[in-house]
Amino acid sequence: MSPGIVSVALSVWSVRVHGTERRWRRWEAEFTCPCCGEGWARDKLQEALFMLPPRAAAELRLQIERLDLVLLERTHQEPMTDPELAWWHRRC
């Protein structure tokens, strides 16, 4: 994982969850492409949870869980998506 990617991923995931229309900051833009969508950010955050030391992972997990709850409340499961995908890729 490159330096700063967790911070960028958390910011991108927050924007996806809250549905704001703000523009990406220049340093975030390189990580956001139309073909990947914002789901990549949640993927990176999941990866980080396994790579970080326990205390840092716990702090990050708390932030992610808050965002995930908002997303779950604001979206529904897309029944036609591949069930093998992570749950956040199956929401619309």
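**Entry 1: a helix pair.** I began with helix H1 (residues 5-18) and helix H3 (residues 39-51), whose axes come within 8 Å and cross at roughly 135 degrees. The axes are lines fitted to C-alpha atoms, for helices over the stretch in contact, with angles from 0 to 180 degrees between N-to-C directions. That angle makes H1 oblique to H3; under 35 degrees counts as roughly parallel, over 145 as roughly antiparallel, 65 to 115 as roughly perpendicular, and the rest as oblique. Helices here are DSSP runs (H or I, at least four residues) and strands are too (E, at least two), numbered from the N terminus.

I noted that H1 passes H3 in a left-handed crossing, meaning the near helix is turned anticlockwise from the far one by less than a right angle (clockwise would be right-handed).

**Entry 2: ground rules.** I reminded myself that this is a predicted model, where local features need pLDDT of at least 70, side-chain atom pairs count only at pLDDT 80 or more, and totals for chains, interfaces and linings use all residues. Residues are numbered from 1 along each chain as its sequence is written, and side-chain values use heavy atoms, with hydrogens and water left out.

**Entry 3: who meets whom.** Which residues of H1 meet H3? I listed Ile5, Val6, Val8, Ala9, Leu10, Val12 and Trp13 in H1, which meet Gly39, Trp40, Ala41, Arg42, Lys44, Leu45 and Ala48 in H3. Contact means heavy atoms within 4.5 Å.

**Entry 4: H1 by itself.** Its buried residues include Ile5, Val8, Leu10 and Trp13; buried means under 20% relative accessible area, exposed over 50%, and partly exposed in between (1.4 Å probe, protein chains only). Just after H1, I found Gly19 with a positive phi of about 65 degrees.

Entry 5: Is Asp68 buried or exposed? Asp68, found in helix H4, is buried, with a relative accessible area of 8%. Leaving aside neighbours within four places in sequence, I saw Asp68 in contact with Trp13, Arg42 and Trp87.

Arg66 is also found in helix H4 (residues 54-74), but Arg66 counts as exposed at 52% relative accessibility.

**Entry 6: the whole chain.** Buried residues make up 30% of the 92 residues.
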